[in-house]
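Here are some notes for a colleague opening this model for the first time. Please read them beside the structure.

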Amino acid sequence: VRNYLNNLSDLYAITYFTLSDLSNPIVSLKHPFQGAGGLFTFNGLKKASATALSFIGKLGGMTMAFAKNFIVTKEGDKIIILVNNYSHYSKLFAQGEYYDISEKERLTCFPTSTNYIYTIKITGLGNKEVAKVKINELSTHSGSSYDTWINAGGFENMTDQEYQTIEDFSSVMFSLEQKKIISGELTFQLKVAPLEMRLIEIEID
């Protein structure tokens with residue numbers, strides 16, 4: 001997502017190099033999360049990277065504003081905003097030193113970062129009174145099959161039914177709220193932790 005936002009002015013389309021880990025010849029079948037670059041594991045579990053790409057796919061056709069960590073778009077009467085809290089990996093990791101990560105500790109290569117507090121402000125709404133706001137979350141507890149697998153014990157050689165449960169419990173969580181429009185202005189805040197994303201869909205009634 002960071003690469004997408006950094007290169008948005010020069011992009012015509014965006015795709016992903018590898019759809020599934022099955023195309024990687026070094027991937028074994030002991031468990032599905034081995035650091036390969038596919039959007040899906042060898043047994044079809046949707047990774048967080050696929051969720052992030054799906055968030056991009058839901059953006060509107062008209063870009064209203066963007067910067068390194070957010071983009072504001074519009075599709076018809078709906079405003080769709082993507083916000084991101086990017087954290088860069090350490091210099092050691094960039095140099096190929098992977099001793100600080102393991103199969104079950106993947107985030108230790110990211111230096112400590114801080115929460116972002118985003119203030120969303122939409123003006124010029126005239127005499128509109130309320131807005132329906134849907135916030136979709138990508139985090140360690142929403143939209144990440146890897147984190148769901150870790151929370152379930154990180155076992156190898158799970159059954160198909162157990163993997164299906166992992167997929168079910170790693171669905172994207174969302175919240176719905178009606179927010180008041182005051183004097184033609186809609187304003188609210190949200191907190192985004194490091195490496196998290198939010199897709200915000202706003203419909204003005």
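1. Start with burial. Buried means under 20% relative accessible area, exposed means over 50%, and partly exposed lies in between (1.4 Å probe, protein chains only). Trp-149 is buried, at a relative accessible area of 0%.

2. A word on the source. This is a predicted model, in which local features need pLDDT of at least 70, side-chain atom pairs count only at pLDDT 80 or more, and totals for chains, interfaces and linings use all residues. Residues are numbered from 1 along each chain as its sequence is written, and side-chain values use heavy atoms, with hydrogens and water left out.

3. Look next at the aromatic rings. Rings of Phe, Tyr and Trp (its six-membered ring) pair if their centres lie within 6.5 Å; planes under 30 degrees apart count as stacked, over 60 as edge-to-face and the rest as tilted. The whole structure holds two aromatic pairs. One is Tyr-116 with Tyr-118, edge-to-face, at 5.9 Å centre to centre and 70 degrees between the planes. Tyr-116 is partly exposed at 26% relative accessible area, whereas Tyr-118 is buried at 12%.

4. Tyr-146 and Trp-149 have ring centres 6.1 Å apart and planes at 45 degrees, so this pair is tilted. Both residues lie in helix α4, three residues apart, about one turn of the helix. Helices (H or I, at least four residues) and strands (E, at least two) are DSSP runs, numbered from the N terminus. Tyr-146 is buried too, at 14% relative accessibility.

5. Helix α4 covers residues 145-151 and also holds Thr-148. Is Thr-148 buried or exposed? Thr-148 is buried, at 15% relative accessible area. Leaving out residues up to four places away in sequence, Thr-148 touches Ile-166, Phe-169 and Ser-170. Contact here means heavy atoms within 4.5 Å.

6. Now the interior. A nonpolar core is a set of buried Ala, Val, Leu, Ile, Met, Phe, Trp, Tyr and Cys residues joined through side-chain atoms within 4.5 Å. The largest has 18 residues; among those touching the most other members are Ile-81, Ile-120, Leu-186 and Phe-188. Strands β3, β4, β5, β7 and β8 each give two or more residues to this core. β7 gives the most, with four. A second, separate core has 13 residues, including Phe-55, Leu-59, Leu-138 and Met-197.

7. One last item concerns a charge and a ring. Lys-134 lies over the face of Phe-174, at 4.5 Å from the ring centre. The test asks for NZ of Lys or CZ of Arg within 6 Å of the ring centre and within 35 degrees of the ring normal.
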